[in-house]
Structure formats: structure tokens, C-alpha cells
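I opened this notebook to record what I looked up in one model, entry by entry. The sequence and the structure come first.

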Amino acid sequence: MSTRTSSFGGGRRVPWRSPRGLDAALARWGEEGVWRQVALDHTLPPIPARTVPLPATLSPQTRQALARRGVERLYSHQAEALGLAGQGRDFVVATPTASGKSLCYNLPVLEAFARSAEARALYLFPTKALSRDQEDSLRALLNEAGLSHGAITYDGDTPGDARRAARQRTGVLLTNPDMLHSGILPNHAGWARLFGNLEYIVIDELHMYRGVFGSHLANVLRRLRRVARFHGSDPTFILCSATIGNPAEHAGRIIGRPVAAITESGAPAGERRVIVYNPPVVNSELGIRASYLKEAVKLTLDLIRCDVPTLVFGQTRNAVEVMLKYLRDRLAGDKRIDPSTIVAYRGGYLPNQRRDTEKALRAGEIRCVVATNALELGIDIGSLDAVVCAGYPGTIAGAWQRFGRAGRRQGASLSVMVTSSAPLDQYVAGSPEHLLDGGVEHARVDPDNVEILIDHLKCAAFELPFEEDDPLGDVPPETVQEGLGFLEQHRVVQANRSKKGTSWHWSSDAYPASAVSLRSIGWDNFVIIDLDTDRNIAEMDFRSTHTMLHEQAIYQHDADQYQVERLDYENHKAYVRKVAPDYYTTAETRTKVTVIEQDEAAHIARPPPAPHVKTWTMASGLGEVSVVSKVVGYKKIKYHTHENVGYGEVHLPVMQKHTSAFWLTIPEDFVSSLGVPRPAVIDALRGLLNAMHTVAAAGLMIDPRDLGRTLGDKDDPDGPASSGGGGGPGFDPTLFLYDEMPGGVGLAPRLFDEREALLARTRRLLDHCGCNGGCPACIGPTVGAEAGVRPRSLVVGILDRLGIT
């Protein structure tokens with residue numbers, strides 16, 4: 001698909017003039033042969049605005065604020081939001097990035113403040129940075145309206161005097177779910193003025209609240225509604241999201257009651273050119289392509305040299321740091337470009353460093369920022385003309401969220417996706433129209449997950465005693481009472497029974513909210529300390545510490561390299577020293593899955609491919625599993641060439657979680673009957689699992705990282721795992737697909753229900769792949785051939801014998 005007739009794309013280079021702008025960059029790509037690797041080149045035309053007059057009922061204060069910003073008419077979706085808010089209805093706004101969603105909640109709040117000096121609003125954002133960003137703009141809006149309600153961010157960085165003002169005077173409290181959960185709700189008596197006058201609860205970036213985080217938030221909101229009701233208020237919910245496939249359903253699950261959905265945007269959009277670039281094949285045998293990181297850097301260098309403000313997205317922190325180093329190294333000799341104007345933005349950087357980057361972006365002082373998904377959110381970063389995504393983010397919604405970060409000022413923009421050798425990336429490269437025409441993924445949560453619900457029932461009992469008929473959001477009363485009975489058995493709550501009924505009171509010395517982490521399994525961050533300066537330079541979450549801060553790891557920070565000299569695991573501190581190596585490190589992890597309890601079982605027995613051929617039966621199961629992961633070593637990867645130049649061991653404790661899994665067990669007799677070496681069969685089954693994982697992620701419309709996979713033995717907890725040996729006597733190979741979120745969010749049950757369709761679609765993927773022996777697009781490049789057996793042929797042969805045709 002090609003539409004290179006957009007308003008930018010040609011241009012001739014004049015020898016005595018430095019070429020500038022998107023035209024020049026695209027012309028340079030033509031000279032360098034980039035277009036030979038382009039799988040998609042499509043231009044989305046500009047979209048005109050759809051506006052309506054300001055409502056006649058709008059208050060003078062709101063009119064004044066809008067007039068001072070030059071706003072004479074509202075976009076259609078903003079007017080619709082104002083109308084629904086006026087009716088007291090909960091609603092969600094799910095429109096593209098930069099469509100003016102903030103006015104959809106700020107206007108109703110201004111109207112409430114104009115009616116009452118005592119009115120209050122609570123704004124929830126998923127990150128501290130977003131709260132701080134919105135605080136500044138909201139304060140300006142309130143000042144322009146002549147309203148004295150004020151707005152304060154309340155988080156871990158808020159000083160004591162500001163905390164007092166937040167409790168006593170502020171009209172809008174901006175915070176995050178974690179602070180609401182552990183700092184505000186348990187101390188709600190001190191927030192009586194807020195909860196007693198709460199008119200609106202605003203939840204921005206709703207699409208971020210999925211999986212465990214979203215399930216926890218839904219329970220925090222159940223507690224919030226209960227506390228608000230106790231103080232005499234019933235606030236209206238306003239939610240905003242990037243485009244997702246099920247905004248009304250997802251918002252309803254989050255707040256526990258039906259919501260209206262606004263999905264048609266009236267905002268204008270500039271012309272957007274979308275390019276999918278698939279790096280050239282460098283190993284046709286294995287289907288390996290050139291490094292997508294290096295190719296993304298190459299394309300970005302052309303944009304930077306043509307003065308195109310660019311945002312580069314990397315999939316991981318390591319990828320971001322590697323690309324930042326490559327960009328600065330390549331631009332070091334260019335006198336026109338200051339390498340310090342190429343910066344990184346990711347989790348782990350200290351808050352001040354991130355805020356400085358945000359300010360510099362808004363001021364136009366930065367040529368290029370390399371970021372993780374931390375910059376997918378609606379933080380105001382000024383005007384950027386191009387986005388380069390190094391790797392497919394895993395979902396169509398995620399891709400368009402990233403694309404939308406360019407052209408936020410309605411001008412023409414460029415969005416480039418550089419695909420990796422990963423199976424899902426190659427699927428996108430092979431069917432790039434999927435980006436344009438494919439359905440947007442659904443966001444999923446499971447607020448009734450037993451472990452999560454019990455944790456929040458504890459917190460709710462700490463906040464307020466429960467009466468017999470006391471609800472907890474949309475949780476059925478019988479479920480609440482069963483949970484309270486369970487807590488009573490464990491002496492966490494005490495039941496007081498009388499003629500009037502039963503009430504339950506918190507009876508433990510513990511502070512329950514401090515033991516419940518909303519985002520993960522509840523471990524604190526590690527701080528990173530520079531031994532030469534004795535200063536804290538960054539922080540790292542618990543799980544990432546195992547792979548990035550083990551001793552002898554090269555920790556990359558702002559294009560500098562630090563070697564980890566010592567990891568104080570007990571006190572959560574990593575001590576590093578600045579070095580200048582020619583390599584970086586990547587960790588090697590081993591995973592083992594053990595079935596704890598099987599909830600459902602079924603057999604798959606398909607007709608044999610020919611008469612008189614034995615019918616083989618596969619056992620499938622669904623249940624709770626223990627997933628144990630351990631970092632066992634690390635590789636040293638040379639910069640620029642990506643050679644493996646060394647290996648080291650890592651000695652850290654295991655990480656364990658309980659989750660839900662779907663599995664298929666292949667009988668040992670079947671493995672023996674194939675007549676090929678067992679290691680070859682195990683490798684082939686690992687390749688089959690890779691293909692099933694690709695198909696499952698696409699079918700569920702999820703990020704592949706949300707679904708784990710490993711090969712092991714269901715009945716032998718000490719048997720080999722995904723990277724174990726070739727299988728010993730009595731080894732029944734079991735293919736596990738498990739939910740990466742602790743406790744699970746419903747992925748495994750859907751796979752179990754669709755198990756036969758999953759196998760059929762996996763077979764179709766293998767049949768339609770054009771490779772010879774196996775490649776990243778089907779069974780993966782790491783599957784080896786034993787004794788002359790072609791891995792892909794063996795996988796297809798296994799499916800034939802099992803009747804999957």
C-alpha cells in the first residue's frame with residue numbers, strides 16, 4: 001500500500017544548504033534505499049474540527065476562562081461531556097491522543113465550583129508526573145475563571161504544609177491510586193471536608209488500568225464510594241481513555257456501575273504519514289533480520305540531522321539506553337548538533353530529572369527524546385513532528401497511542417514502526433494493514449479476583465466497620481459476608497452479634513493498606529547509589545532489579561555506563577561505579593511452572609491422518625499454578641556489533657507468584673513413537689509453544705508480554721523447565737501458557753475454552769509461513785535442528801500425528 005503523494009515526501013538536496021524538515025528526511029531515505037524495506041506507506045488525511053456553540057447555560061466564570069484562552073466554541077465531544085455531567089451521569093471519553101479530553105472533565109468541575117464554594121473534586125492519574133503536569137494547567141484555568149478553590153497534588157513528594165492545605169482548603173485534589181489507597185482512605189476522617197462535598201471523581205488514562213493494577217483500582221474505588229457515602233456524598237465519575245475496544249464495559253467494571261461512552265471526537269487532526277519498516281534479512285536460514293534497534297537509530301539520525309523534533313519509543317529500559325548511546329555516539333562529530341539535546345525518559349530516573357526533561361521538551365530545547373511507554377501518557381511535551389517506534393508495542397491501541405504523540409499541534413506528522421524479528425512484529429510487517437483496519441484491543445480486569453478482593457476487604461474493614469447489609473460497591477452482599485467470615489476466622493476482624501444484627505470491626509494491630517501493593521506483588525524499589533559521589537542516581541522496581549542490577553551488571557543511565565559492584569539485597573540498595581566498557585549486559589532467566597490445583601480438564605483426540613494410524617490423545621487443563629523465575633546468568637553484548645563476548649553467573653533468590661494457566665500435555669509414548677532423538681522433539685515442542693503463544697496473543701488481542709509460556713512437566717515439580725534438558729524417563733512434555741499477572745485476569749480460561757481453535761489457528765500459521773526450517777514468524781529462530789531434522793517440518797509432523805490438520 002503506497003500513498004506517497006502527501007504534502008511532504010520529495011525534495012532535492014542543495015549542496016550549499018543544510019536540508020531541513022520532513023521532506024528532506026524522507027528524500028534522504030530514498031537515496032539510502034530505505035523504501036525497499038517499507039512494508040506500509042500510508043497517509044491519513046487531515047480531519048476537520050466539528051464544533052458547537054458554547055451552551056447558553058454556561059456559568060460566567062467558565063465563559064471567562066474559555067474566553068481568555070481564545071475558545072469560542074467547543075468540540076462536539078466536549079459539549080457532549082458537559083451535557084452528561086449536567087445530568088449527573090457517569091461517563092467515559094475514549095477519543096484519540098491530543099483531542100482535548102482534559103476540558104471534558106475540567107469544564108464540569110468549573111461549573112460545580114461556580115455553583116458552590118464548598119464543592120470538591122478528586123483527580124486520579126496513574127503516575128506522579130502526570131499529576132504534576134495537570135496541576136499546573138488546572139491552576140491556570142481556575143485563575144482564569146476567577147475561582148479560588150485551588151488545586152494541589154498530594155503524593156509522596158508533597159511537603160507537610162501543602163498536605164495540610166490539601167486536607168483543609170483545596171478544591172481539587174490530584175493524586176494517584178496508590179496514595180488514595182494507602183494515605184487518604186485509611187485516614188478519611190482527616191479528609192471529611194473533601195469527602196463530604198465531593199462532586200466529581202476524575203480518572204484519567206483509563207486504558208492504563210488493566211490487569212492487576214486495574215483490578216486493584218476497581219476495589220479502591222469500591223472503598224472510596226463507601227467512604228464518600230459515609231460522609232454524605234455520591235460523586236459523579238468522569239473517566240478518560242485513549243481509544244480501546246470496550247470503553248463503556250471497562251469503565252463500568254472499574255467503577256462498579258454502568259457508564260455512558262463518548263467515542264466520536266470532534267477535534268481536528270493533521271495529516272499523518274504511517275510507515276512500517278521491516279529491517280533486511282541478514283540470515284535467510286534462520287530468518288534473522290538486522291537489529292531493529294540499530295535500524296531505528298539509523299532512521300532517527302536522518303530525522304535529527306534534518307531538524308525534525310523526534311520521539312523514539314523503546315520496548316525496555318535497556319533498549320532505550322542502548323539507542324540513546326548510539327545516537328549520541330553517532331552525533332558526537334556533528335558540530336551543528338549538541339548531543340545533550342538527545343535525552344532519555346523512562347522509569348527509574350529521579351523525578352527532578354524527568355521534570356527537567358518535560359520542561360525542556362515543552363520549551364523546544366530538545367531535538368530527540370528516547371523513551372519507554374512512560375511518555376505514552378498525556379504529559380504535555382510540546383510539539384513533535386515524528387515518532388519512531390523500535391518494535392511493535394504489542395497492541396494496536398498501544399501503537400496508535402505512541403503514534404499520537406507526534407503532530408499534537410495539528411500539523412503534518414510522521415509515524416514509523418520498525419519491526420523486530422519477534423513473531424508478532426513479523427505478523428505486523430506481513431499484514432501491515434492490520435494496523436489500519438484491525439480491531440482495537442479490549443482492556444480487561446478482574447476486580448473479583450479472590451486474593452485482591454480479600455486484601456481490600458481488610459482495608460475497608462479498617463476504614464469503617466461493616467454492618468450486615470453494608471455493601472462494598474457492586475460486590476454481592478453474600479460474597480462480602482463470606483469474606484468477612486473468612487477474616488473473622490483469621491482473627492483479623494471481630495464480629496459483634498446482637499438482636500439488631502451482626503457488625504464486623506477491625507481487630508488487628510496491622511495497618512492493612514501498607515501490605516497491599518496495587519501495581520505488583522508488593523516489594524519496594526531498590527535505590528541505585530554511585531560509589532564515587534555517594535549520591536542516589538536512580539531507583540529500580542523489585543523484579544527489574546534481578547535482571548538489571550545483579551552484581552557485575554552494566555547499568556545504563558543517561559547514556560553512561562555503571563558497573564554494579566555490590567547489591568545489598570536485604571536493604572534494597574545497589575552500589576555502582578561509572579565505567580566505560582564496550583559492552584552491556586542482558587540477563588538469562590529460567591522459569592518453572594508447577595500445577596497447584598487443576599480446576600478443569602479435557603482431552604483432545606482428533607481423527608488420525610490416515611486409516612490404521614493410532615489416535616493420540618492430548619490432555620488439556622486449566623488451574624492455579626506456581627511460577628518460579630530465577631536469573632541464572634548474564635551475557636555481555638558488544639555495542640554496535642551486538643556480538644556475545646562473555647558470560648557470567650548470577651546468584652539471587654528466586655521470584656515466585658501464583659497465577660492461572662492453560663496447559664497441554666503430550667504423552668511420553670507419543671514422544672518415543674516419533675523415531676527421532678528426544679532433544680529434537682523437545683526443541684520442536686518448544687517451537688510449537690512459541691507459535692501457540694503468537695496466535696494466542698493475537699487472538700486475545702493482548703500485549704504478548706501479558707502471557708507467559710514455558711515447557712515443563714505438569715506432574716514433576718523438579719522436572720525440566722523451558723530451558724531444561726531434553727527430558728528424561730517418564731517425562732510428559734507439558735506446554736504452559738500462563739497469565740503473567742499474579743492471580744490472573746482471565747486469559748487462561750479463555751484459552752482453555754478455545755483450545756481446539758487455538759491449535760487449528762497455530763497449524764494455519766505454520767502452513768502459511770514461507771520459511772524453510774523455522775523462523776521468528778512461526779516457531780522462533782532459537783529452535784535447533786538435531787540429527788538433520790528440519791525443526792519446522794518436525795513441528796508440522798507432530799501436529800499431523802495429533803490430527804491437527
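**Entry 1**

I looked up M548 and found it buried, at a relative accessible area of 13%, where buried means under 20% relative accessible area, exposed over 50% and partly exposed in between, with a 1.4 Å probe and protein chains only. I note that this is a predicted model, in which local features need pLDDT of at least 70 and side-chain atom pairs count only at pLDDT 80 or more, while totals for chains, interfaces and linings use all residues. I also note that residues are numbered from 1 along each chain as its sequence is written, and that side-chain values use heavy atoms, with hydrogens and water left out.

M548 belongs to helix α19 (residues 542–548); helices (H or I, at least four residues) and strands (E, at least two) are DSSP runs numbered from the N terminus. Setting aside neighbours within four places in sequence, I list R317, N318, M540, A553, Y555 and V564 as the contacts of M548, contact meaning heavy atoms within 4.5 Å. N318 is 230 residues from M548 along the chain, yet their C-alpha atoms are separated by 8.5 Å.

**Entry 1: D448**

I then went to D448, in the loop between α16 (433–437) and α17 (450–463). D448 counts as partly exposed, at 37% relative accessibility. Beyond the neighbours within four places in sequence, D448 is in contact with R222 and R253. I also recorded T479, which is 31 residues from D448 in sequence and 9.7 Å away in space, C-alpha to C-alpha.

**Entry 2: aromatic rings**

I counted pairs by the rule that rings of Phe, Tyr and Trp (its six-membered ring) pair if their centres lie within 6.5 Å, with planes under 30 degrees apart called stacked, over 60 edge-to-face and the rest tilted. The count by this rule is 16 aromatic pairs. Y105 and Y123 make an edge-to-face pair, because their ring centres are 5.3 Å apart and their planes stand at 85°. This pair links distant parts of the chain, since Y105 sits in helix α4 (residues 102–115) and Y123 in strand β5 (residues 120–124), 18 residues apart. Y105 is buried at 1% relative accessibility, and Y123 is buried with a relative accessible area of 1%.

Y584 and Y639 form a tilted aromatic pair, with 5.3 Å centre to centre and 40° between the planes. Here too distant parts of the chain are linked, with Y584 in strand β27 (residues 583–605) and Y639 in the loop between β28 (617–638) and β29 (644–649), 55 residues apart. Both Y584 and Y639 are buried.

**Entry 3: helix α21 against helix α24**

I looked up how helix α21 (residues 678–700) packs with helix α24 (residues 791–801), and found an angle of about 85° with the axes 9 Å apart; axes are lines fitted to C-alpha atoms, for helices over the stretch in contact, and angles run from 0 to 180 degrees between N-to-C directions. α21 and α24 are therefore roughly perpendicular to each other, on a scale where under 35 degrees is roughly parallel, over 145 roughly antiparallel, 65 to 115 roughly perpendicular and the rest oblique.

Which residues of α21 and α24 meet? A680, V681, A684, L685 and L688 in α21 meet L794, V795, I798 and L799 in α24. The residues of this contact divide into 9 nonpolar, no polar and no charged, where Ala, Val, Leu, Ile, Met, Phe, Trp, Tyr, Cys and Pro count as nonpolar, Asp, Glu, Lys and Arg as charged, and the others, Gly among them, as polar.

**Entry 4: helix α2 against helix α4**

Helix α2 (residues 60–68) packs with α4 at an angle of about 140°, their axes 8 Å apart, and α2 and α4 are therefore oblique to each other. The contact is made by Q61, T62, A65 and L66 of α2 together with L103, L107, L110, E111 and A114 of α4. I sorted the residues of the contact of α2 with α4 into 6 nonpolar, 2 polar and 1 charged.

Just after α10, G256 takes a positive phi of about 80°.

In helix α1 (residues 21–31) the buried residues include L22, A24, A25, L26, A27, R28 and W29, and what covers the buried residues of α1 includes β11 (272–277), α11 (292–305) and β18 (413–418). Just after α1, G33 takes a positive phi of about 80°.
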